[in-house]
Amino acid sequence: MNNQIICIAKPTSEVLKIYPAYRTFFPRFYQALAAFHTVKVLDLPDIWVRDFLPEQNSQTGELVRLIFNPRYANYIPPFTAKINVAAQRLFPVPQYPVRLDGGNIVRGPDGIVFCFESRRIFRKSTAGEQAQKEAALKQALGARQVVWLAREQGDKINHIDGFMQFIGRTLFVSDERFDPYLKSLLARRLGQIFQALPSVEVRFLPCVPDESDSSGLSARGIYVNFLATSRAVFVPQYHLPQDQEVLAIIKTATDKPVVGIDCAEIARYGGAVHCLTKEYTANTAVSAWSAKSVSKGKK
């Protein structure tokens, strides 16, 4: 795999008003990423860049945008509009008519993409329109197949990167067997995954509910929100007894360095390492965008 460029948000005064913990988190995070990759720091209104920055077509390397229009947390319409304007300014790339946050996309082996089913994606769509949107999504991502995993009732965010991630053909799943409903849902989802990828190896990572959170948005204790790049694996740590156990489990699946990232405070805002980053495989098109985006960012 070619080296990757990693994008993260700049800790501007606008961002720090919403996410004050990002002030101390950012320099540590940047240093950890920059030890392995070129890191592009982008002037954006929000830190959860995974959700709204363009996707990269896995076959052509082309950058493409999906429709970002969430209805959770602090994403009121004016804020969403501001995010979309900033992303379009930095990435003037084609847009596909599919409403899907990047946090609800996990790419597996063999050209298969996994997403949680969401009423928002195909809202008010006929069967024919739904088929067209799915075809557009596959074309945008360069995917052979999209698998829609069963949706959890009451999930406010509906992002699959808090449930599963791949390293090669090893699938890491957030272990939610402590809850009878989630245990049943987990079995259903695993059945869907094995049907698409019969030979995949599954390993469970601890999932520790944040009992101090009353909003239902905190990601503290969700270890599966790690970032596996071409050169390393960056794993959230939460000052919990399970921290070292998680690092050890992930090390058994890769020869790459496994780097722990202290996400104890930043995760309370709703995400961790994967949510905070967007990686692009370096190619001619991406390099041209990269140089252009840096010059724009300095104005």
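User: What covers the buried residues of H5?

Analyst: This is a predicted model, in which local features need pLDDT of at least 70, side-chain atom pairs count only at pLDDT 80 or more, and totals for chains, interfaces and linings use all residues. Residues are numbered from 1 along each chain as its sequence is written, and side-chain values use heavy atoms, with hydrogens and water left out. Helices (H or I, at least four residues) and strands (E, at least two) are DSSP runs numbered from the N terminus. The cover of the buried residues of H5 includes strand S4 (63-67), strand S5 (95-99) and strand S7 (112-116); contact means heavy atoms within 4.5 Å.

User: Which residues of H5 are buried?

Analyst: An α-helix has 3.6 residues a turn, so residues three or four places apart point the same way. Buried means under 20% relative accessible area, exposed over 50%, partly exposed in between (1.4 Å probe, protein chains only). In H5, Ala136, Leu137, Ala140 and Leu141 are buried. They lie on the same side of H5 because their arc around the axis is only 120°, taken from the directions from the helix axis to the C-beta atoms. Ala127, Gln132 and Gln139, on the other side of H5, are exposed.

User: What order do the strands of the open sheet have?

Analyst: Two strands pair if DSSP finds at least two bridges between them. The three strands of this open sheet have the order S12-S13-S14, with mixed pairing. Strand S12 (227-228) and strand S14 (258-262) are the edge strands, each pairing on one side only. Strand S13 (residues 233-237) and S14 run parallel, joined by five bridges.
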